[in-house]
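Welcome! Here are some exercises to work through with the structure open beside you. Try each task yourself before reading its solution.

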Amino acid sequence: MTAGFRPGAGRPPARRDPALASALAGAADLPDGEARLAELDRIAARADALGDPHSALDARFALVAAYLRYGGRWRIIEPVRRLLAAVDGSPDLLDGRPGDAELLRRHLRQAVEAAIGTPRIGLDLAQSFLDALARRVGEDAGVVAQLRCRLADHRGDEPTARQWYERWTAAEADPEAGCPGCLLVRRADLLAGWGDDRAALDTLRPALDGGVDCTDQPERALAVGLLPWLRTGATARAATAHLRAYRRHRRERAALPYLAAQLRFCALAGHPDRALDILAEQLPRLDHPYDDLSAMEFAAAGALVCALAVEAGRDGRRVRRPGHGDRPAAELDVATLGTDLSAEATRLAGSFDARNGTGHHAGRIAAWLAGRPTGDPVPLPEPDGVDEPDDEPFLPSAEEPAPLSLTQLTAVLDVRGDVYAVDAAGVVVGRWDEAVVQFRLLGGHGEILHARVVAARRLAAGRLAEAYEFCNAWNHDRLLPKAYVHELPGGELVLAGDVTTDLAHGVAPTQLGILVDAAVSTGVAYARAVAALP
């Protein structure tokens with residue numbers, strides 16, 4: 001046997017390029033956003049060109065994770081396709097990579113789900129991903145039946161969807177299928193969509209009773225149960241579920257798919273004012289949707305709210321819609337907003353139906369818009385501490401520690417009078433003098449305050465040694481921020497720094513203000529020092 005060859009292999013193992021490994025490590029330090037995505041894509045393409053398949057796999061696995069975290073789930077399709085092609089062409093690529101075969105199976109499921117959520121991806125590609133998953137886990141696996149059921153339902157083929165649903169529920173649980181608690185909610189949502197309200201509520205029971213280990217329950221289950229409870233006459237249960245679920249989903253970044261049910265419940269339960277309050281509060285999310293499907297449903301639910309508000313004599317009310325892209329910010333009357341939202345929902349439904357070759361979604365949205373309350377207004381219980389939409393968000397007293405939150409952070413910046421923006425991922429970004437500072441909440445519960453400063457001035461690629469020397473000197477002489485250098489794809493050097501504070505035991509607004517002051521002042525000093533370099 002020739003040294004360096006693996007038994008049974010026809011060629012020597014591919015070597016990893018050290019420069020690509022270094023670039024991957026550098027990309028991991030970049031902030032979430034387009035810069036990291038572009039760098040990972042560049043590294044993957046470079047790895048392909050250099051014949052380094054393992055670095056290409058690393059870059060594309062990281063790229064999928066970044067897309068899932070940053071947003072635009074449909075964008076995972078291309079890197080997943082490339083991952084699949086690489087592994088199908090060279091199955092031994094996953095040798096010595098424990099966990100990556102399972103990760104690829106999970107990404108195949110997520111790619112099918114992403115295709116369901118957007119009309120930008122052809123269903124033939126979704127079907128090819130599903131077939132690839134079936135080859136790996138078996139046609140009888142629960143995850144395969146689940147996805148075939150959901151694809152059929154998405155096209156409006158209820159008989160086929162029900163057949164696959166029976167196979168799905170009969171299959172054994174498998175790790176690729178996703179969270180068991182969330183799968184119960186997904187099943188209940190399908191049943192409710194088919195008109196089986198009581199079966200949907202029975203399916204939700206383990207998630208409602210604490211019988212599943214899922215941190216997203218019971219609130220997701222409560223949201224999916226809202227309309228089935230309302231339609232089956234369990235109005236008190238629906239009202240309580242609405243308050244409890246909205247308390248969490250009101251500020252939860254990934255909750256857009258559940259807010260349409262909240263809006264429809266308030267509208268159909270006879271509470272047009274509350275429905276308008278929630279719509280006004282959540283409307284900015286529509287510009288940064290979880291996916292196109294949830295955007296379509298939120299817009300349709302919002303259009304229903306507006307139509308019922310006009311019928312209830314609330315047509316004089318105005319709702320502020322923030323600017324986005326080429327659309328300027330505006331104060332819209334309810335009728336105009338409803339027309340805009342209806343057009344948005346109808347456009348998206350048409351795009352889905354054109355892709356699917358059916359009229360299913362246009363019909364579904366039309367049915368939503370035709371909905372009307374069927375009885376007297378449903379009494380809502382006292383909120384019992386629940387934040388009402390028209391209340392100011394909860395803030396502790398100046399000296400009272402509380403869990404770190406985005407609301408606390410932006411309140412501190414508001415008191416300071418700073419100009420800042422909050423992106424779709426909840427990152428707060430502002431510019432102070434020569435420094436761009438990003439604040440984000442990290443950790444399992446958002447308990448870590450991370451401040452990242454980027455100096456406005458960039459250095460030429462030939463000054464790398466000088467940049468390292470500057471950062472080393474800064475780190476030797478100063479405590480904050482920790483300084484480092486990023487080399488951009490074009491060769492320019494970005495000098496950045498960060499400050500991280502663990503606030504697992506809570507933070508008082510006064511203390512948080514001091515931390516923000518320190519991050520901004522030290523960040524500005526750092527950026528000014530960079531600007532003063534020869």
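**Exercise 1.** With which side chain does the side chain of Asp 292 make a polar contact?

*Solution.* Before starting, note that this is a predicted model, in which local features need pLDDT of at least 70 and side-chain atom pairs count only at pLDDT 80 or more, while totals for chains, interfaces and linings use all residues. Residues are numbered from 1 along each chain as its sequence is written, and side-chain values use heavy atoms, with hydrogens and water left out.

Step 1: recall the rule. A polar contact is a pair of N or O atoms within 3.5 Å; within protein, one must be able to donate a hydrogen and the other to accept it, and residues adjacent in sequence count only if both atoms are side-chain atoms.

Step 2: apply the rule. The partner of Asp 292 is the side chain of Thr 118, at 2.5 Å.

Step 3: Asp 292 lies in helix 15 (residues 292-311), and Thr 118 sits in the loop between helix 5 (100-116) and helix 6 (123-137). Helices (H or I, at least four residues) and strands (E, at least two) are DSSP runs, numbered from the N terminus.

**Exercise 2.** Is Thr 118 buried or exposed, and what does Thr 118 touch?

*Solution.* Step 1: use the cut-offs, where buried means under 20% relative accessible area, exposed over 50%, and partly exposed in between (1.4 Å probe, protein chains only).

Step 1: compare the values. Thr 118 has a relative accessible area of 1%, so Thr 118 is buried. Asp 292 is buried too, because its relative accessibility is 11%.

Step 2: list the contacts, meaning heavy atoms within 4.5 Å. Setting aside neighbours within four places in sequence, Thr 118 is in contact with Trp 74, Asp 292, Phe 352 and Arg 355. Under the rule that leaves out residues up to four places away, Asp 292 touches Gly 117, Thr 118, Pro 119, Arg 120, Leu 348 and Phe 352.

Step 3: A polar atom of the Thr 118 side chain lies 3.2 Å from the backbone nitrogen of Arg 120.

**Exercise 3.** How do helix 8 and helix 9 cross?

*Solution.* Step 1: know what to look for. Two packed helices are described by the angle between their axes and the distance between the axes. Axes are lines fitted to C-alpha atoms, for helices over the stretch in contact, and angles run from 0 to 180 degrees between N-to-C directions.

Step 1: read the values. The axes of helix 8 (residues 158-170) and helix 9 (residues 180-193) come within 12 Å and cross at roughly 155°.

Step 2: name the arrangement. Helix 8 is therefore roughly antiparallel to helix 9 (angles under 35 degrees count as roughly parallel, over 145 as roughly antiparallel, 65 to 115 as roughly perpendicular and the rest as oblique).

Step 3: find the residues involved. Helix 8 contributes Tyr 165, Trp 168 and Thr 169, and helix 9 contributes Leu 183, Arg 186, Arg 187, Leu 190 and Leu 191.

**Exercise 4.** At what angle do helix 18 and helix 20 pack?

*Solution.* Step 1: helix 18 (residues 406-416) and helix 20 (residues 509-531) pack at about 70°, with axes 10 Å apart.

Step 1: this angle means that helix 18 and helix 20 are roughly perpendicular to each other.

Step 2: look at the contact. Gln 408, Leu 409, Val 412, Leu 413 and Arg 416 of helix 18 meet Pro 509, Leu 512, Gly 513, Val 516, Asp 517 and Val 520 of helix 20.

**Exercise 5.** Which residues do the cis peptide bonds join, and where does Asp 433 lie?

*Solution.* Most residues other than glycine have a negative phi, and most peptide bonds are trans.

Step 1: find the cis bonds. One joins Gln 217 and Pro 218, with omega about 10°; another joins Leu 480 and Pro 481, with omega about -15°.

Step 2: Pro 218 lies in the loop between helix 10 (197-208) and helix 11 (219-231), and Pro 481 in the loop between helix 19 (464-477) and strand 7 (482-487).

Step 3: turn to Asp 433. This residue is not a glycine, yet its phi is positive, at about 55°. Asp 433 is in the loop between strand 4 (428-432) and strand 5 (435-442), and counts as partly exposed because its relative accessibility is 37%.
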